[in-house]
Amino acid sequence: MIEIPSKIRVDVHLRARYSLEIRFAWSGVSLTGNQWVLNVTCQRLSPGAENFVVQVGQGGSEPSSWVTAYTCSSDTDQMFNTYPLSAVELNNGAPVVRIWDAQGSLDLTQGTMVLNVLRIDRIEYG
Ligand SMILES: [Ca+2]
């Protein structure tokens, strides 16, 4: 005997989400050097005035965790060049960086942003 339900309830929640995630993955970054510094120039733009963060993956090509290197929180260019990648973040020459608007699971803010520079400066001492 098969019992077939006479009613089926379906709850649909339609809510807009305006979250942003952009990933940048390098490959073949030279491992010769002393420091690998993440260099970023960014703006958030009005309307929205939504800050976003630049995060660095903690290993692997699909990082399961991220560390925030910088927060872009200005309507004019902000320049950052103080975050050195750790060995785990360098990921054998294949670091992964993402732009994330950090609004959690429900993001109702529509923002815009500009990324003028995103690069890794490899530094060798003497
Ligand atoms: Ca957003």
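User: Hi! How many bridges join strand 1 to strand 6, and which way do the two run?
Analyst: Hello! Five bridges join strand 1 to strand 6, and the two run antiparallel. Keep in mind that this is a predicted model.

User: Thanks. Which residue is the bridge partner of Ala 25 in strand 6?
Analyst: That would be Val 96.

User: And what is the strand order in the open sheet of four strands?
Analyst: The order is 1-6-3-4, with antiparallel pairing. Strand 1 (21-25) and strand 4 are the edge strands, each pairing on one side only. On average, neighbouring strands of this sheet are turned by 20° against each other, with direction ignored.

User: Let's look at strand 3 then. How many bridges does it share with strand 6?
Analyst: Strand 3 and strand 6 (residues 96-100) pair over four bridges, in the antiparallel sense. Within that pairing, Val 54 stands opposite Ile 99 of strand 6.

User: And how many bridges join strand 3 to strand 4?
Analyst: Six bridges link strand 3 to strand 4 (residues 66-72), and these two also run antiparallel. Here you can find Val 53 opposite Thr 71 of strand 4.

User: Why is strand 3 described as largely enclosed?
Analyst: Strand 3 covers residues 52-57, and five of its six residues are buried, so the rest of the structure largely encloses it.

User: How much of the chain is buried?
Analyst: Buried residues account for 17% of the 126 residues in the chain.

User: How many bridges join strand 2 to strand 7?
Analyst: There are eleven bridges between strand 2 (residues 35-45) and strand 7, which run antiparallel. If you want a spot to check by eye, Cys 42 stands opposite Leu 115 in strand 7.

User: What share of the contacts between residues at least 6 apart join residues at least 24 apart in sequence?
Analyst: For this chain the share is 78%.

User: Last topic, the loop between helix 1 and strand 6. Where is Asn 91?
Analyst: Asn 91 sits in that loop, which runs between helix 1 (87-90) and strand 6. The backbone deserves a look: Asn 91 is not a glycine, yet its phi is positive, at about 55°.

User: Is Asn 91 buried or exposed?
Analyst: Asn 91 counts as buried, because it has 22 C-beta neighbours inside 10 Å, and the cut-off for buried is 20 or more.

User: What about phi of Asn 92?
Analyst: Asn 92 has a phi near 55°, again a positive value in a residue other than glycine. Asn 92 also lies in the loop between helix 1 and strand 6.

User: And is Asn 92 buried or exposed?
Analyst: Asn 92 is exposed, since 11 other C-beta atoms lie within 10 Å. A residue is exposed at 12 or fewer. To put the pair together, Asn 91 is buried, whereas Asn 92 is exposed.

How values were computed: Residues numbered from 1 in each chain as written. Predicted model: local features only at pLDDT ≥ 70, side-chain atom pairs only at ≥ 80, totals over all residues. Pairing = 2+ DSSP bridges. Contact = placed C-beta atoms within 7 Å. Axes fitted to C-alpha atoms, helices over the stretch in contact; angles between N-to-C directions.
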